[in-house]
Every structure is written in C-alpha cells, then in structure tokens.
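Have a look at the model on the screen while I talk.

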Amino acid sequence: MKQDVRVFADVNELSLRAAEAAVRTINDSVRSTGRCSLALCGGSTPRTFYGLLASEFRDQIPWPSIHVFWGDERYVSPRDPASNYRMARETLLDLVPCPAANIHPMPTHSSSPDADAREYERTLKNYFGTDWPHLDLILLGLGEEGHTASLFPGSPAISERTRWVAAVETPANSPLRLTLTLPALTRATNIYVLVAGSNKAHALHHVLTGVPDPSSYPAAGIRFTKGKLIWWVDRAAEHWPGRLLVPS
Ligand code: 6PG
C-alpha cells in the first residue's frame with residue numbers, strides 16, 4: 001500500500017507542517033467526540049513540534065479537552081533528564097492549560113516494570129473502555145536501526161498480540177522501558193511519525209519499502225495500522241543513495 005510520506009527541507013519545516021496538521025486532527029476529534037487522546041513520544045526530533053504546540057499553535061488547541069498519554073517511557077524517575085515525561089513537561093505541558101487530571105504518564109514507580117505496564121494498561125482501559133485503545137493521535141519517532149516507541153529489533157514485544165503495554169529491555173540508554181505494543185499502536189485513528197536526519201535514511205528506506213519486516217525494523221509494523229499514517233520526513237532522512245522515496 002502506498003505510504004503517505006511528506007518530505008520537507010528540514011526538521012523545522014516538517015515540524016511546522018506536522019503541527020498544523022495536528023491542530024486540525026485534534027480539533028476534529030474534539031468536535032466529534034468532545035475530547036482528544038494524544039500519545040507523545042520521546043527523543044530529540046519531537047522537541048520542535050512540541051515547542052510549536054506550546055507557542056504558535058497554543059491558542060488553537062482546546063487544551064481542557066485533551067488527554068495526554070505516552071507511547072513509551074524510559075523506566076526512570078519522572079525527574080530524571082532521560083524521562084520522556086519530563087521532556088514533554090519542559091517543552092509543552094508546563095506551557096499549556098492542559099488539566100493535570102488529563103495528563104497520564106506511564107508509571108515508573110514500582111519495583112516491577114511489568115506491574116507498571118499492567119497499571120498503564122488499566123489506565124488506558126479506564127479511558128477507552130474498549131477492546132483496544134483507539135488513540136486519536138499518536139506521535140512516534142524512528143531510531144537509526146528501525147525502532148519506534150521502545151520496540152527495538154529482535155524484541156519479543158514485537159510479536160505481542162494481547163497486551164497493550166509491555167515492559168522491555170532495550171539496547172538503548174535507559175535500557176529498561178515501557179512501550180505500547182503494535183496492536184495498541186496500530187489501533188490509533190492517526191499516527192504521525194517524525195523523522196529527521198541522514199542517520200535515519202537507512203532505517204526509513206527499509207521501513208517504507210518492500211514487505212514490512214517488523215522483527216528487523218519494528219517501525220515497519222505500524223504500516224499495518226487501521227488508521228491514517230503520515231510520515232513527516234526531512235530531505236536528509238528521505239535521501240537514500242540513488243533513490244528518493246518521493247520523487248521531488
Ligand atoms: C524514546 C522515543 C524513541 C524515539 C527514537 C528517535 O523514548 O527515545 O520514543 O522511540 O522516537 O529513538 O529519537 P530521536 O528523535 O532522538 O532521533
């Protein structure tokens with residue numbers, strides 16, 4: 001199936017266009033259901049996007065109707081510099097009037113990551129009250145080796161078909177993590193993947209072309225989504241030697 005890949009000059013432009021689209025998507029959700037569930041990701045790429053939602057687009061978003069979740073979290077204190085929750089607070093949530101009761105961080109406080117994964121699954125079930133979490137908009141990034149959220153190549157969590165949230169060991173910094181699983185991610189109504197930098201070109205090429213192979217490139221697993229999937233890409237990440245994913 002043809003992927004919706006939108007290529008821009010750099011991370012600033014892709015973030016601006018993605019933020020414009022997110023404002024429309026969020027307002028559409030609130031108009032139709034009275035609320036919008038937004039799942040955030042970590043890493044460096046989304047910082048520009050978050051900053052735009054907190055500034056240029058701040059007053060175009062009905063923050064009291066927004067519920068904020070996470071697609072993954074490092075298993076560290078929420079005060080730890082590595083925390084995705086802390087990054088989102090600093091770049092976005094401390095700057096907008098989203099009610100505290102609407103902010104649902106992944107718990108990292110018990111001594112058992114698996115128990116915290118199950119707690120977050122209960123949080124999602126309390127909110128969605130459905131067979132699966134149908135998040136209105138999930139933001140994701142792409143790792144150089146093809147991970148997304150905290151689903152890394154070779155992880156047993158990639159083949160998880162019933163749990164919504166998994167505790168995983170990863171090869172990354174802050175190796176212990178919680179992550180939404182592919183069945184949870186692919187039930188979202190909208191998924192935006194933000195990808196910038198030439199170091200992502202290899203993974204992006206393998207994720208977007210050919211038959212999806214989530215065990216080798218986990219981000220390919222989101223191509224099976226039932227919702228709308230948009231890849232927001234800069235030219236550096238899109239340029240695979242000798243072939244452009246999207247003819248210019
Ligand atoms: C995390 C993210 C992770 C991230 C990718 C890309 O917790 O680190 O959720 O999946 O999106 O690693 O990170 P960069 O945007 O920093 O390249």
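So, the accessible surface of the protein chain is about 10,400 Å², and carbon and sulfur atoms account for 52% of that. Those areas are Shrake-Rupley values with a 1.4 Å probe, and for residues only the protein chains shown count as cover. Quick housekeeping: this is a predicted model, where local features need pLDDT of at least 70, side-chain atom pairs count only at pLDDT 80 or more, and totals for chains, interfaces and linings use all residues. Residues are numbered from 1 along each chain as its sequence is written, and side-chain values use heavy atoms, with hydrogens and water left out.

How much of the chain is buried? Of the 248 residues, 56% are, where buried means under 20% relative accessible area with a 1.4 Å probe, protein chains only.

On the fold: I've got 7 helices and 11 strands, taken as DSSP runs, H or I of at least four residues for helices and E of at least two for strands, numbered from the N terminus. The C-alpha trace spans about 50 × 40 × 35 Å along its principal axes.

Now zoom in on helix H1, residues 11-33, which is where Leu-16 lies. Ser-15 is in helix H1 too, and it's buried, at 0% relative accessible area. What does Ser-15 touch, beyond neighbours within four places in sequence? Thr-48, Phe-49 and Leu-52, with contact meaning heavy atoms within 4.5 Å. Leu-16 and Phe-57 are 41 residues apart in sequence, yet 9.7 Å apart C-alpha to C-alpha.

Last stop, the largest pocket, with about 440 Å³ of space. Of its 24 lining residues, the closest to the centre are Gly-42, Gly-43, Leu-142, Gly-143 and His-147. A pocket here is an open set of points on a 1 Å grid over the protein atoms alone, where a 1.4 Å probe fits, with protein on both sides within 12 Å along at least five of seven lines; lining residues have an atom within 4 Å of a point. The volume is the space filled by probe spheres set on the points.

Definitions and conventions:
Buried means under 20% relative accessible area, exposed over 50%, partly exposed in between (1.4 Å probe, protein chains only).
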